[in-house]
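Please read it beside the sequence and the structure shown here.

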Amino acid sequence: MAGQDITRAGEALRLVQVSKTYGSGDHPVRALDDVSVSLAAGTFTAIMGPSGSGKSTFLQCAAGLDQPTEGRVFIDGAELTGGSETKVTKFRRQRIGFIFQQFNLLPTLTVLQNVTLPLRLAGKKADRKRAIEILGRVGLRERIDHRPAELSGGQQQRVAIARALVTNPSVIFADEPTGALDSRSARNVLALLAEAVHEFGQTVVMVTHDPVAASYADSVIFLADGRLAGSLDRPTAEAVAERMTHLGDQVAPYAAVGE
Ligand SMILES: Nc1ncnc2c1ncn2[C@@H]1O[C@H](COP(=O)(O)OP(=O)(O)OP(=O)(O)O)[C@@H](O)[C@H]1O
């Protein structure tokens, strides 16, 4: 992980000429093709693009869940790429938070235990007070002893947000975080993510299909065929939907979240 530091101050995520090719032989798939991106700390970025454009691959490579075939990834100035699997896992636990479409909470643990788990995995003290404070922030102070199955989908996703926030990570990656939620819960979750960015200085990178979800971000990065296909600052749902149409996607009616 050594090497020349090519990142800038205040930069939370940097991808330098990242490519990912799946398979070899006659039909390799170039899922990401020479993607370079720089995201400032304390910003909320949505990644959008047609199906198969490389969004999940982008997230997997940027978050150290998969290794790019070429290129380098830096989180907070430290290189994520190039280390052993053990080093990358440690790096992820210390610096990266995740939010998934299906919440990925452990069903046998209570809400509070789910939230303190990343601290324990990162070898830190299971700081109960901090976990309870964050659960209060996401509106679940009264539910800390419940199991995930006793909560609604929106509440489970709020637990997952608390779990992502608890280690104070350099970047939180969210993969379709509202994909399994009704529109009201989705708005609530998106507002919480935006609040984590604007009030607490978190950095969030979110993959989404939904122009309304993307409109909660500060900017949108578009992918098409594994390549960068532009960006949009201060996006509105209408502008995002319009751009997606030009990228060849069948955009869902954007009332999905905002209705
Ligand atoms: N493990 C894999 N092996 C081979 N090809 C893969 C693999 N994972 C993804 N791909 C291919 O890489 C390309 C990009 O896939 P990716 O899942 O990143 O797209 P996406 O934009 O997230 O798509 P969606 O919106 O449908 O989830 C696609 O052509 C896909 O078929």
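Four strands form an open sheet in the order β2-β1-β4-β5, with antiparallel pairing. The edge strands are β2 and β5 (78-79), each of which pairs on one side only. This is a predicted model, in which local features need a pLDDT of at least 70 and side-chain atom pairs count only at pLDDT 80 or more, while totals for chains, interfaces and linings use all residues. Residues are numbered from 1 along each chain as its sequence is written.

**Terms for the elements**

- Helices (H or I, at least four residues) and strands (E, at least two) are DSSP runs, numbered from the N terminus.
- Two strands pair if DSSP finds at least two bridges between them.

**Confidence and overall form**

- The average pLDDT of the protein (the predictor's confidence in each residue, from 0 to 100) is 91, and 92% of the residues score at least 70.
- The scores of the model are ipTM 0.97 and pTM 0.91.
- The protein contains 9 helices and 10 strands.
- Its radius of gyration, taken over C-alpha atoms, is 18 Å, close to the 18 Å that the globule rule gives for 259 residues, so the protein is as compact as a globular protein of that length. The globule rule is 2.2 Å times the number of residues to the power 0.38.
- Taken along the principal axes, the box filled by the C-alpha atoms is roughly 50 × 45 × 35 Å.
- Of the 259 residues, 42% count as buried. A residue is buried if 20 or more other C-beta atoms lie within 10 Å of its own, exposed if 12 or fewer, and partly exposed in between, with C-beta atoms placed from the backbone.

**Pairing within the open sheet**

- Strand β1 (residues 11-22) is joined to β2 by 8 bridges, and the two run antiparallel. Within this pair, Leu-13 has Leu-39 of β2 as its bridge partner.
- β1 and β2 form a hairpin with 6 residues between them, and Gly-23 in the turn has a positive phi of about 75°.
- β1 also pairs with β4 in the antiparallel sense, over 5 bridges. Here Arg-14 stands opposite Phe-74 in β4.
- Strand β4 (residues 70-75) pairs with β5 in the antiparallel sense over 2 bridges. The bridge partner of Ile-75 in β5 is Ala-78.

**Shell around the ligand**

- The residues around the ligand are Tyr-22, Gly-23, Val-29, Ala-31, Gly-49, Ser-51, Gly-52, Ser-53, Gly-54, Lys-55, Ser-56 and Thr-57.
- A residue is near a molecule or strand if its C-beta atom, placed from the backbone, lies within 6 Å of it.
- With 3 residues, α1 gives the most to the shell.
- By class, the shell holds 3 nonpolar, 8 polar and 1 charged residues. Ala, Val, Leu, Ile, Met, Phe, Trp, Tyr, Cys and Pro count as nonpolar, Asp, Glu, Lys and Arg as charged, and the others, Gly among them, as polar.

- In helix α8 (residues 237-246), the buried residues are Ala-237, Val-240, Ala-241, Arg-243 and Met-244. Seen down the axis of α8, these fall within an arc of 165°, so they line one face of the helix. The arc is that of the directions from the helix axis to the C-beta atoms.
- An α-helix has 3.6 residues a turn, so residues three or four places apart point the same way.
- The exposed residues Glu-238, Thr-245 and His-246 are carried on the face of α8 turned away from its buried side.
- Gly-248, which follows α8, has a positive phi near 90°.

- Most residues other than glycine have a negative phi.
- Gln-17, although not a glycine, has a positive phi of about 45°. Gln-17 lies in strand β1 and is exposed, with 12 other C-beta atoms within 10 Å.
- Asp-225 is likewise not a glycine, and its phi is positive at about 50°. Asp-225 is found in the loop between β9 (219-224) and β10 (227-233) and counts as partly exposed, with 16 C-beta neighbours inside 10 Å.
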